[in-house]
Amino acid sequence: MAIATENHLSPLATTRSPIRVMRPIVFLLFFASGISGLIYEVVWSRQLIYLFGATIYAVSTVLAAFMGGLALGSYTFGKLADRCERNLRFYGFLELGIGTAALLLPVFLSLLNPIYTFVYREFNASFFVLSLLRFGLTFSVLLIPTTLMGATLPVLSRFLVREQRTLGLNVGSLYSLNTFGAVVGCFVSGFLLISWLGIRNTTLLAAAINWGVGVVAIVLSRKLERPSPGATASSSPDSRPESTAVHPPQAPASSPRYPERTVSWILGIYLISGFAALAYQVAWSRALVFTFELMKNTTYAFTAMLTTFLIGLAIGSAITSRIIDRQQDPLRLFALIQILTGLAGAFSLLVIYNAYGLNPFAALDETTGNITWWAAVLNVFAKTGAAIFLPTLLMGMAFPVAAKICVESVRRVGFGVGRLYSLNTVGAILGAFAAGFILIPLLGIARTITLLASINIVLGIVVISINPYMRQNRKIIATVLCVAMLLAISVRMSRQIMFQQLDEGQKLLYYKEGPLATVSVVRTLLGYNTLYIDNIGVAGTDRILLTDQKSLAHIPMLLLPNPRTVLTVGFGSGGASWSYTRYPQLTRIDCVEICQTILDTASLLRASNHGILELNDPRFNLIIDDVRSYLRFADVQYDIIATDCTDLRYKTNANLYDYEYFTLCRQRLTDDGMVVVWMPLAGLSDEAFRVALRTFYRVFPNMAIWYMNNEPTHYILLLGTPRPLRFDYQRMAQRLSDPQVKDDLAELYLDDVDKVLSCFVTNEQQLEDFLEGDMINSENFPYLEFEAPKYGYGEQPLVDNIRRLFQLSTQVTSLLTNVPETHRVTEQLALYLDAVPHIIDGHIHYRQLELLEACRSYLRASAINPADRSVKHLLNFEDLRRRIRALPQEIWGRMQMGHMLLLQERYGDAVDFFKPIAEIEIAETLPSDQREALTNARFEAVVSIGKCYQGAGFTEKARQYFSQALAIMPNDPEVQLLLEQVSSPSTNATTQ
């Protein structure tokens, strides 16, 4: 009778053995569904970033829409699943719908563009208001496929769960396998698929997985699901009273039935735990990037972190799904999981804080600067796993336990699982939003993690208190222990933890964990202020970074015939914006900055921006937005669009170097305008370098490349114009004669038209053959984002790219117009141009710390063109002098400086650097290797002082020091020869 009743309640007319045979296939289908689900999440995130801009609002929209759909689908379709007779077929059609909707999604999103454009232009909507509009419209579009995704878990749960006693096993296994699929989907999309196939083909592959899963599920349904002969809607399981076949009296009471009020409490607690889980994920992502010496904010780092998070969830769910049906009191296990999650969360903070410098795999070759990519990725996985695997494992263990507690009967599996899953997902949405926009800005990353850990422990206390089957004395003991844990965590974590890494001699001047990024200003060992975003230096007050900022403004302003309006992309330290204000002919200077927190650092970077935010220049306008979004929707045209960025190895930076972005710039450019783009030379292989240039060339076939050679800079400027560009010599000279312009450029010795022209490298005529090929960096194939992090982090890639570039150099004279017909002008420009190869050679040696060779190259350049004041400054090696002042006991710097001054025949200055080394007293108590090193240094310094006196004509002094050197090393042949030279009777000895 029990079997007959069970068959009547079930949509199956067959025995359970076919289901047991096919169960692994059903599990495999849900595993594959998990793969496609995470592929979609990764792809959709990228598509919305391209559509709306790389803002935190866009990313939050993706997450909220994705998880909101999961919540809605699991809740709505969970009820429907309990009334459906053929849930496996239902599941198959859901998968077909997911694949179809995913393929149509880009079409639906593109239909929203006119709405955004209309609101942006007609209502002058603020960034925040427009973000809300984007959220609402995009949410509605994404809701279609994500709601179908959310339906799959409760529908399959209803199909698989036949008995209450195996509910935890089946639901937990489904959740676990789907999450394991998500692990695979996340990993392959972030590491392989997008870089191999591109966005569109990756989406097509995910859709094909859905379609394949759907077809197999429908075919299986025909074999496994046959409606019972008299089953109707009116006799659906929901309309019947609970049968003893579903809860047989003879079944062992492996777990108690909890009161409805207790179940309601657990549902609320699981919602809060979902809040904590996603808030943890946001906080961990923000904190972990500070522990990575390599990879940092790359796509690979974020993929590795998300993959590790999902692995923990999957393994945790797999563990408890095997044991939960044997637990006599699942509520007690649920409480323990929450408490341990809190402790593990607090512990993760300590791991993260102390993980910097701990690299189990050797990923960087110190001699070449090249990285072993797989080793760097493994280091990311190792650090992430050490920090977050344990808490995520515990989070994953919670779902099967909660399902066992909250799903009251087999007849309502769909509703119960859907309700539980949807509430947890709603909590996750709130947690992701709250962490980024409220908790981290208010409390900081460390205190946010501490708060979340405390929330988990408090949830555990609540679960203990509502457990009707737990003795009162045990509740008291457990509560006291939990309170003690809370106190210990609050005391241990009470101080503010800052994640910005500081090297020797650095000082933290500013630190703020904003909603978008962690922003810092650090005073370096050399006395400069550097702006950091998530531990990546992006701007500052040293001469190279000042050259970076000023050149973005002055080069286009000196070259264009009649510029009136300017857009700068990225405020940074404010240098480019300031330099544009030096030109009175400009009527509008707009600056788009995505991160509001950066603006708070302006007062610490006055050497760059000169207090521009306090000047109230009516022409200067700050626009808080992402530049892609602004250019897409704003109705504006500019004469100059100047894009500043940072290293292309870091996530989303390469988006400002793709074909679509350059096309947006071209569309917003006047016919006589110019796009100028800062492009790094470091960290790019030969192919990546060509791809970056080729992408720009495809949009701007009239292009030129400039390298500011006044300093050993690490970047080039790409200039693109709608029409062929020529350089009007007299117009450049006239603009440079303006006192405001001249003074600004004089800081860097660039206030000379010939010096500026010497920074021109090449144009499209020389680049045509070099840029042959088909690969470009685009939204569909984001080549640079995936390839740049794999290459070297040292100076060698930069040096290689400089050499490649100057092999293509051409004379700027062929592009000049309106040149005065005087010998002085042509001869002086020729001297500047003739000196350039030696300056570049010096920069290469300088970058490789071959300082003496750099000095020789600079001396050759100065001999060719004594008028170049920047070379004279280079020969002063100011940064090395600053290092010596900061580290007065360091021998290497003093020795290098002394040798370079000796080479320049600045003998008196050289002696001042050598003398402290020559006077070192070497203690006998030192280890032998240190004594030997100090003896060698002292010997070298004494000999060098002798050479200084010899060069200055003081032979007697030189003889004294050479004799002193021989006393240190009696048999040195070089010193013996030098002593003979100054002791020769033919030598005209001079005494000081």
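Buried means under 20% relative accessible area, exposed over 50%, and partly exposed in between, with a 1.4 Å probe and protein chains only. I need that for my first entry.

**Ground rules.** I'm looking at a predicted model, where local features need pLDDT of at least 70, side-chain atom pairs count only at pLDDT 80 or more, and totals for chains, interfaces and linings use all residues. Residues are numbered from 1 along each chain as its sequence is written, and side-chain values use heavy atoms, with hydrogens and water left out.

**Entry: helix α32.** Ten of the 13 residues in α32 are buried, so I noted the helix as mostly covered. The buried ones are G893, R894, M895, Q896, M897, G898, H899, M900, L901 and L902. I then checked what covers them, using contact (heavy atoms within 4.5 Å). The cover includes α29 (851-864), α31 (878-886), α33 (907-918) and α34 (928-952). After α32 comes E905, with a positive phi near 65 degrees.

Entry: Two strands pair if DSSP finds at least two bridges between them. I found six bridges between β1 (507-513) and β2, running antiparallel. In that pair, Y510 has V521 of β2 as its bridge partner. Four residues sit between β1 and β2 in their hairpin. On to β3 (529-533): five bridges join it to β2, again antiparallel. Here R523 stands opposite N529. The β2-β3 hairpin has five residues between its strands, and G527 takes a positive phi near 95 degrees there. I also saw that β2 (518-523) is mostly covered, with five of its six residues buried.

**Entry: the eight-strand sheet.** I traced an open sheet in the order β7-β6-β5-β8-β9-β11-β10-β13, with mixed pairing. Its edge strands, β7 (620-624) and β13 (760-763), each pair on one side only. From one strand to the next, the twist averages 20 degrees. At the β7 end, five bridges join β6 (588-593) to β7, which run parallel. I589 has F620 as its bridge partner in β7.

**Entry: helices across the sheet.** For angles, axes are lines fitted to C-alpha atoms, for helices over the stretch in contact, and angles run from 0 to 180 degrees between N-to-C directions. Helix α21 (686-699) lies across β9, β10 and β11, at about 20 degrees to β11.

Key. Helices (H or I, at least four residues) and strands (E, at least two) are DSSP runs, numbered from the N terminus.
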